[in-house]
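Subject: Structure handover

Hello,

Here is the structure I said I would pass on to you. Please open it alongside this message, and then read the notes below.

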Amino acid sequence: MDKKLKEKLKKKLKEAKEKLEGRLDSLGKRNKKVKGDWITSYPEFDGGNLEEEADEVEEYGNLLSVGYTLELELKKINNSLEKMKKGQYGICEKCKKPISQARLKAYPQAAFCKKCQE
Ligand SMILES: [Zn+2]
């Protein structure tokens with residue numbers, strides 16, 4: 001891969017990583033024991049209206065799924081940065097063929113080529 005393009009994608013990945021970490025920080029606390037994991041705080045119940053509690057649980061569920069999606073994305077980014085270090089970046093993890101540059105430009109953390117993703 002072109003060195004210039006690789007640097008550009010690396011920058012993109014790092015920017016996306018910072019953005020994701022910022023969003024995760026606003027959702028919960030970083031888990032100090034597990035790298036790349038966030039603990040979403042559970043809303044406190046005041047023992048009042050049951051209906052309200054149900055809403056809070058639902059809200060928590062939404063938060064969890066958002067947090068989960070963000071963490072997954074972060075893992076992909078970290079994985080791509082790791083592969084860059086090892087010189088394995090841009091290679092499909094399934095068929096071991098190069099991922100197209102157009103695909104990497106649009107989605108730098110892609111782990112699979114277009115064919116294997118489908
Ligand atoms: Zn592939």
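In total the chain has four helices and two strands. Please keep in mind that this is a predicted model.

Overall

The chain has 118 residues, and 30% of them count as buried. Buried means under 20% relative accessible area, and exposed means over 50%. If you take the contacts between residues at least 6 apart in sequence, 47% of them join residues at least 24 apart.

The zinc site

Which residues hold the zinc ion? The ion is coordinated by the SG atoms of Cys92, Cys95, Cys113 and Cys116, at 2.3 to 2.4 Å. Along the sequence these donor residues follow the spacing C-x2-C-x17-C-x2-C. Cysteine 92 sits in the loop between α2 (50-86) and α3 (101-106), while cysteine 113 sits in the loop between α3 and α4 (114-117), so this pair ties together parts that are 21 residues apart in sequence.

Why is the arrangement of the four donor atoms called tetrahedral? The angles that they subtend around the zinc ion run from 103 to 117 degrees. Four donors count as tetrahedral if all angles lie between 85 and 135 degrees, so the arrangement qualifies. For reference, the ideal angle for four tetrahedral donors is 109.5 degrees.

Are cysteine 92 and cysteine 113 buried or exposed? Cysteine 92 has a relative accessibility of 1%, so it counts as buried. Cysteine 113 is also buried, because its relative accessible area is 11%.

Lysines around the zinc loop

Lysine 94 lies in the loop between α2 and α3. Its relative accessibility is 58%, so lysine 94 counts as exposed. Leaving aside neighbours within four places in sequence, lysine 94 is in contact with Phe112 and with Cys116, and Cys116 is one of the zinc donors. The C-alpha atoms of lysine 94 and lysine 115 are separated by 9.9 Å, and these two residues are 21 apart along the chain.

Lysine 96 is found in the loop between α2 and α3. It is exposed, with a relative accessible area of 58%. Its phi is near 65 degrees, which is a positive value in a residue other than glycine.

Helix α2

Leucine 70 lies in α2, and at 8% relative accessibility it counts as buried. Beyond its neighbours within four places in sequence, leucine 70 is in contact with Leu20, Arg23, Leu24 and Leu27. Leucine 70 and leucine 20 are 50 residues apart along the chain, yet their C-alpha atoms are separated by 6.5 Å.

Is lysine 83 buried or exposed? Its relative accessible area is 9%, so lysine 83 is buried. With the neighbours within four places in sequence left aside, its contacts are Gln88, Tyr89, Ile91, Glu93 and Ala111.

The loop between the strands

Glycine 36 is found in the loop between β1 (28-30) and β2 (38-40). With a relative accessible area of 22%, glycine 36 is partly exposed.

The largest pocket

How much space lies in the largest pocket? The figure is about 200 Å³. Its lining is made up of Lys6, Glu7, Lys10, Lys14, Lys17, Lys35, Asn78, Leu81, Glu82, Met84 and Lys85. Helices α1 (3-27) and α2 each supply at least two residues of that lining. Sorted by class, the lining has eight charged residues, two nonpolar and one polar.

When you go through the model yourself, you could begin with the zinc site, where Cys92, Cys95, Cys113 and Cys116 coordinate the ion, and then turn to the pocket lined by residues including Lys6 and Lys85.

Regards

Note on methods:
Residues numbered from 1 in each chain as written. Predicted model: local features only at pLDDT ≥ 70, side-chain atom pairs only at ≥ 80, totals over all residues. Heavy atoms only, no water. Donors = N, O, S within 2.8 Å, 3.2 Å for Na, K, Ca; no water. Tetrahedral: all angles 85-135°; square planar, octahedral: opposite > 155°, others 65-115°. Buried < 20%, exposed > 50% of the residue type's maximum accessible area, 1.4 Å probe, protein only. 1 Å grid on protein atoms, 1.4 Å probe; cavity = no way out; pocket = protein on both sides within 12 Å on 5 of 7 lines; lining within 4 Å. Points joined across faces, edges and corners; volume = space filled by probe spheres on them. Nonpolar A, V, L, I, M, F, W, Y, C, P; charged D, E, K, R; others polar. Contact = heavy atoms within 4.5 Å.
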